[in-house]
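Welcome, and please load the model in your viewer. We will take the tour one selection at a time.

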Amino acid sequence: MPVYVDISRCIGCRSCEVACKRVHGGKGHVNVHMAGDHASVPIFCHHCEEATCTMACYTGALYKDAERTAFDVEKCTGCGLCQLACPFGVVWSDKIAHKCDLCAGRENPACLVSCPANALSTDFELASRRARARAAMAVARGR
Amino acid sequence: MPQVLVPTVCPYCGAGCQFFISVEKERATGIEYMPEHPASEGSLCSKGNAALEILYHPDRLHHPLKRKGDGWARISWNDALELTARGLGGALKRFGPECVGFLSSSKCTNEENYLIEKMARCLGSRNIDNCARLCHSPSVVGLNRTLGAAGMTNPISDIANSKCIFIIGSNLAENHAVLSRWIHRARDSGAVVIVADPRMTHTAWMADIFLQLKPGTDVALLCGMAHVIVKEGLVDSEYIGKWTRGYERLVESVLDYTPEKVSEITGIPAGDIVRAARAYAISPASSILYSMGITQHSTGTDNVQAIANLALICGQLGRQGTGVMPLRGQNNVQGACDMGALAEFYPGYRRADDPETAKFFSCAWGVDLPVGRGLTATEMVDAAARGKIRAMYIVGEDPANSDPSSSYTRDALEGLDFLVVQDIFMTATAQMADLVLPASAWAEKEGSYTSTERRVQWSCKAIEPPGEARSDLEIVCALANSLGLEFNYPDAASVLSEINQLVPQYGGIVRERLNGAGLVWPCPNPDHPGTPILHTQGFKLQDGRAAIVPVQYRPAAEEASWEYPFILTTGRVAVHHNAGSMTRRSPSLIEREPELFVEINTQDAVKLRIADGDEVRVTSPRGGTTARARLTGRVKRGVVFMPFHFPGTNMLTTEATDPEAKIPEFKVSACKISRRD
């Protein structure tokens, strides 16, 4: 269950960035990008089904654990291959790799609770229901 | 390890979000969210998430400091209090109480504001004010006159019930971020969102109708909308007949504001003005949200009155989903005003120029009190420049950065005989002081704060202040006592019980009832549940009717000229707060927005041979500063935008003020831009 983003709700306040950094000892895993003058897009770990970071990781520090792409810090050598392999640029490394752990030990990821605009959820159904409702509203209003 | 969760109110904006500070071994170690909070539902913006970073910052003031040559000498609290008493007391005796100014703080608790205001007035000075002067003084004046109460009429969560949300002059997505969740919720159930702003802000991303007006033309836009509503017969005649006075004069006054004419003044297509007016008037529940884009003008009071007029003629008040919502910028700016830290009002908005008020508080406080309004924050600086104010006591404010035309303000403060500043950091203003007193941050003291939705909440003490720093309440009491007054308040609760007696709106807001989500004033007695929605049964004015006060468009004090071809408008960004003394010291915030920038339209920049990221010189008749150029389509040609969190921006802004509310016109100043090489 990755964190789904409703981009139409994102207000570019960067709360998720700061919250993530706060609960991960200053090493955050979220980047909010300003897409021109009209939108902002937070880039999260997708917890990909076929995660290239896990394929690149030769020690098995990064591995699939059901839906989650998990990380075992004990096995990490800090080689940085995962950073090169991640197509979204969300895995990064200094001495060790840093990636989203969906805030293990918390009831919900900090970014999700903290988001002032309610743009984040772990509920895929909610994300798609909102998109359908928006499409219906646009049809009803004639645009 | 024993871990305690202490509920506190966020020290940044006025939304009133609460969070828990987790405390281990007397140290604040983390933040936990509070999903049951009625306004934030547990969310926090970037500033709130980073709030703890300032608590243990190495720049925190730990000891009282006295100026010694160009540097500072550490002194004891006894010496500091004696010196302050001698400095202020001497000025009071030599020049009279009118020559001493007091600035209270909208970052301090209600109790502290009440005491600072009480101290100033008990010493005979009428010159007490707070930085609400620089943000919402026109709301206090304009809304008190038209609606009889200055404050948000409906709660934040009620925005979700609105069917048309008109946001004018507010970038709430960045500055009151938690409000956006309620706006999204309203949109999900079909609400139309209208945003009027000179800049394509993050808030404008939420808009169905975006009105990009020229800075300073808000009255024209609002009158234009009223014109359409009157002409098309979309007014709520029943509401007007029952609850208002002055409608006929309004009809006459908006006659000339045809969409075509307004379009010429504001630069908004006439069709959009008509669409916005219809959407607002027709919807079963419309609300207006505004903030500094409305107030920080030389026509600030007119802007506010024009907003109230629009709501009144459409009957969009006193019900769910309706209302006029001034969004306050600081965590306790509403409370500082409620507590009478204002030149023209005593606690509970009793007029200072009414002899009855002075009599009432003279009886309560046991001293003779002066009648009449005092000097406002901006007037105090002027008076200091002219030598009329000789000594000042400034608590938690940084006029050297936050007032317009900084070099003028700095000269004025430098010229004071005695300046004492009480703050948590060495601000630019504190640098100029004779004496600096170390105060406590929000987590190091207890007390109540009133959020923008009039919600009074109690913030608990989580940790001890650093070094010898003390809470503002302790300092003020000690200072008042050494100046010959008798302030015997052992804690904030004892001050609150005095406030309960003297401020009718706070009559029932007693300490025991303030746990959790607090209470919304007016709450006149201990059994009253509070009043989330105002004006449900008429208005606190003559006959219970609101006053429609017609206004006319006046151009801003300064216009672009041949020499200064750009209009500079100022504002905030998501990761910083006001003069920035806290957020610029917060590592995770400053790294996201490290320096002053200026947004300039790409086409204008090309003509000036400025590229994105160039260092440019911005100059106005008052001074100049350097900033990093950001090329954008967010501002129209001829308009530039700068955030005011960095010293420099207010070097440029004009000292022109609103004639009634005395708020400076931060939002419109002429300037020119050039490359630095």
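Domain bounds on this tour come from an automatic or database domain assignment. On that basis, chain B is divided into domain 1 (65-134 + 331-520), domain 2 (137-326) and domain 3 (566-675). Before you click further, note that this is a predicted model, in which local features need pLDDT of at least 70 and side-chain atom pairs count only at pLDDT 80 or more, while totals for chains, interfaces and linings use all residues. Residues are numbered from 1 along each chain as its sequence is written, chains are lettered from A and ligands numbered from 1 in the order in which they are written, and side-chain values use heavy atoms, with hydrogens and water left out.

**Stop 1: chain B as a whole**

Select chain B and switch to cartoon. You have 23 helices and 28 strands in view, where helices (H or I, at least four residues) and strands (E, at least two) are DSSP runs numbered from the N terminus. The radius of gyration of chain B is 24 Å, close to the 26 Å that the globule rule gives for 677 residues, so chain B is as compact as a globular protein of that length. The radius is taken over C-alpha atoms, and the rule is 2.2 Å times the number of residues to the power 0.38. Along its principal axes, the C-alpha trace of chain B spans about 70 × 65 × 60 Å.

**Stop 2: domains 1 and 2 of chain B**

Now colour domain 1 and domain 2 of chain B separately; their C-alpha centres lie 34 Å apart. Here 12 residues of domain 1 of chain B are in contact with 14 residues of domain 2 of chain B, contact meaning heavy atoms within 4.5 Å. The two bury about 940 Å² between them, 49% of it on carbon and sulfur atoms; buried area is the accessible area (1.4 Å probe) that two parts lose on being put together, summed over both.

**Stop 3: where chain B meets chain A**

Bring chain A back. 38 residues of chain B are in contact with 30 residues of chain A, and the two chains bury about 2,600 Å² between them, 48% of it on carbon and sulfur atoms. Pick out Tyr33(B), Trp205(B) and Arg592(B), which supply 25% of the area that chain B buries against chain A, more than any other three residues.

The rule finds 4 salt bridges across this interface of chain B and chain A. Zoom in on Arg592(B), which forms a salt bridge with Glu17(A), the closest N and O atoms being 2.3 Å apart. Then highlight β3 (27-32), α1 (46-49), α6 (179-188) and α21 (587-590) of chain B, each of which supplies at least two residues of the side that touches chain A. The largest share, 6 residues, comes from α6(B).

**Stop 4: inside chain A**

Finally, colour domain 1 (1-44 + 102-143) and domain 2 (48-99) of chain A. Their centres, taken over C-alpha atoms, are separated by 22 Å. The area buried between them is about 710 Å², of which carbon and sulfur atoms give 58%. In domain 1 of chain A, Met1(A), Lys27(A) and His29(A) lose the most area to domain 2 of chain A, together 55% of what that side buries. The count between these two domains of chain A is 1 salt bridge. To end, select Lys27(A) and Asp94(A), which form a salt bridge with their closest N and O atoms 2.9 Å apart.

Definitions and conventions: Salt bridge = Lys/Arg side-chain N within 4 Å of Asp/Glu carboxyl O.
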